[in-house]
Amino acid sequence: MDVNFNPDKQHTLAKAITISGTGLHTGVLVDMKLNPAHPGFGIQFQRTDLPGASAIKADCDFVTDTSRGTTLQIGEAKVSTIEHLLAALTGMGVDNVLIELNGPEIPIMDGSSQPFIAHIEEAGVIEQEAAKAWYSIEENIYYFDEEKRVEMTALPSTNYRITTLIDFNSPVLGTQHAGLKNMHDFKTEIAPCRTFCFLHELEMLLDNNLIKGGDINNAIVIVDKVIGDAELKRLQKVFKRDKIEVKSEGYLNNLELRFPNEPARHKLLDIVGDLTLVGYPLKANIIANRPGHSSNVAFAKKIKQYIRKNKHLKDVPVYDAAQPAVFGLDYIEKTLPHRFPFLLVDKIIELTDTRIIGIKNVTFNEWFFQGHFPNNPVMPGVLQIEALAQTGGILCINAMPEGKYDTYFLKIDNCKFKQKVVPGDTMVLKMELNGPIRRGICDMKGTVYVAGKVATEANLVAQLVKVD
């Protein structure tokens with residue numbers, strides 16, 4: 001992030017990035033392509049080697065395994081060891097990207113986020129028109145795992161900051177802590193820090209043939225026991241080294257530490273990556289004691305649950321006509337098939353990967369007022385729902401990979417009309433995804449606001465169909 005980076009705007013890559021490498025646990029050589037994506041798309045993974053597989057959103061609801069890294073899965077499509085790449089994207093302020101890969105695991109590279117950041121910097125990060133909707137924690141959120149002695153807390157804060165403490169009861173590591181006060185510092189202070197493991201964990205993984213892509217250069221190995229010549233020779237053979245020895249500090253001689261507290265900093269890196277799965281940009285002070293992937297993901301789910309439960313309390317959209325639109329009529333007509341007189345959205349003022357806010361200015365000259373209560377003009381409720389549906393169509397289409405789509409609504413539930421909409425009113429149209437889009441099916445909550453009050457609300461389900 002440079003000094004001109006605007007954190008209140010969405011960003012994507014200036015051009016596509018191609019990265020190849022081996023997965024740490026699978027040993028599979030993977031070709032990966034990071035593609036720019038439009039505003040509101042978010043971060044999504046697409047397995048190109050599995051025809052017809054659904055794209056997988058970077059969302060804690062799709063986490064299926066945290067035993068040796070964080071894994072997302074929908075159906076047969078699985079993507080493992082995502083945390084270092086997600087941390088790099090978050091650290092560089094990239095909100096919208098489609099990650100295509102032809103294998104099951106993100107390349108491990110050197111065990112840190114630094115190689116990914118180098119590629120991102122080479123491609124460039126560009127600002128998009130859409131505003132970035134931050135979520136500020138209003139009260140403390142706690143997570144505690146008594147068995148693992150993990151404590152994690154999210155405190156109210158004006159920005160996103162993280163402090164982590166590790167204590168493995170190891171004479172080599174001791175007690176370490178690391179902090180990140182501003183995401184601008186992620187690139188230099190956190191991204192270079194590599195993953196680490198204890199020698200006894202390494203031996204277990206080797207015995208079970210689990211780190212097929214492991215290399216002595218992509219992890220810090222901590223020696224927490226006395227090892228003999230036979231074990232050293234075995235490690236030499238596994239990692240194809242002429243000589244392996246234990247340094248006096250208690251580390252294998254495979255690499256030099258980049259920071260004295262590099263293990264603690266890497267744990268912080270993992271938190272940045274795993275908490276990206278909350279799905280909402282956060283402003284909170286995160287304090288984590290003895291974190292790991294399973295606790296990070298559990299904490300992400302707890303934060304997401306809190307946000308979804310409480311955001312409606314302060315979530316009445318405010319429309320400032322003086323502010324430029326995210327998308328005007330030209331973009332809307334490129335996205336939707338509707339035209340006058342049946343196009344019922346004038347502009348889009350906010351767009352994220354889970355919600356959209358549109359505007360419809362209601363005038364006395366609307367065609368439907370000629371026959372609908374002509375002496376007492378009231379906008380038909382069914383057209384208010386249609387305006388929501390069109391707004392939701394833009395949200396869903398922007399959440400899909402590049403292409404042309406039509407939106408067909410399948411169901412409307414819990415529809416309520418709470419006040420009239422009349423000429424002179426400005427309808428603020430809010431649509432929010434109730435859950436991730438699965439196989440083109442979108443479940444959304446829609447609300448029409450007039451003068452800050454709810455006029456209409458409904459749940460709508462739609463299907464996206466790609467147009468050839």
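Why does Arg47 count as buried? Arg47 counts as buried because its relative accessibility is 8%, and buried means under 20% relative accessible area, with exposed over 50% and partly exposed in between, for a 1.4 Å probe and protein chains only. Before I go on, this is a predicted model, in which local features need pLDDT of at least 70 and side-chain atom pairs count only at pLDDT 80 or more, while totals for chains, interfaces and linings use all residues. Residues are numbered from 1 along each chain as its sequence is written, and side-chain values use heavy atoms, with hydrogens and water left out.

I will start with the salt bridges. The structure holds 16 of them, where a salt bridge is a side-chain nitrogen of Lys or Arg within 4 Å of a carboxyl oxygen of Asp or Glu. Arg47 has one with Asp49, at 2.8 Å between the closest N and O atoms. Asp49 counts as partly exposed because its relative accessibility is 32%.

Next, Asp353 and Lys57 form a salt bridge, with 3.4 Å between the closest N and O atoms. This pair links distant parts of the chain, 296 residues apart: Asp353 is in the loop between strand E19 (347-351) and E20, and Lys57 is in strand E5 (residues 56-57). Helices (H or I, at least four residues) and strands (E, at least two) are DSSP runs, numbered from the N terminus. Asp353 and Lys57 are both buried.

A further salt bridge joins the side chains of Arg194 and Glu262, at 2.8 Å from N to O. Arg194 lies in the loop between helix H3 (186-189) and strand E16 (196-198) and Glu262 lies in helix H6 (residues 262-275), so the pair ties together parts 68 residues apart in sequence. Arg194 counts as buried at 4% relative accessibility, and Glu262 is buried with a relative accessible area of 0%.

Now a charged residue without such a partner. Asp425 sits in the loop between strand E21 (405-417) and strand E22 (426-433). Asp425 is buried yet has no salt bridge, and the nearest side chain of opposite charge, Lys420, is 9.0 Å away. For charge, Lys and Arg count as positive and Asp and Glu as negative, while His and the chain ends are not counted.

Last, strand E22. Of its 8 residues, 7 are buried. E22 pairs with strand E20 (residues 355-361) in the antiparallel sense over 7 bridges, and two strands pair if DSSP finds at least two bridges between them. E22 also runs antiparallel to strand E23 (residues 441-450), joined by 6 bridges.
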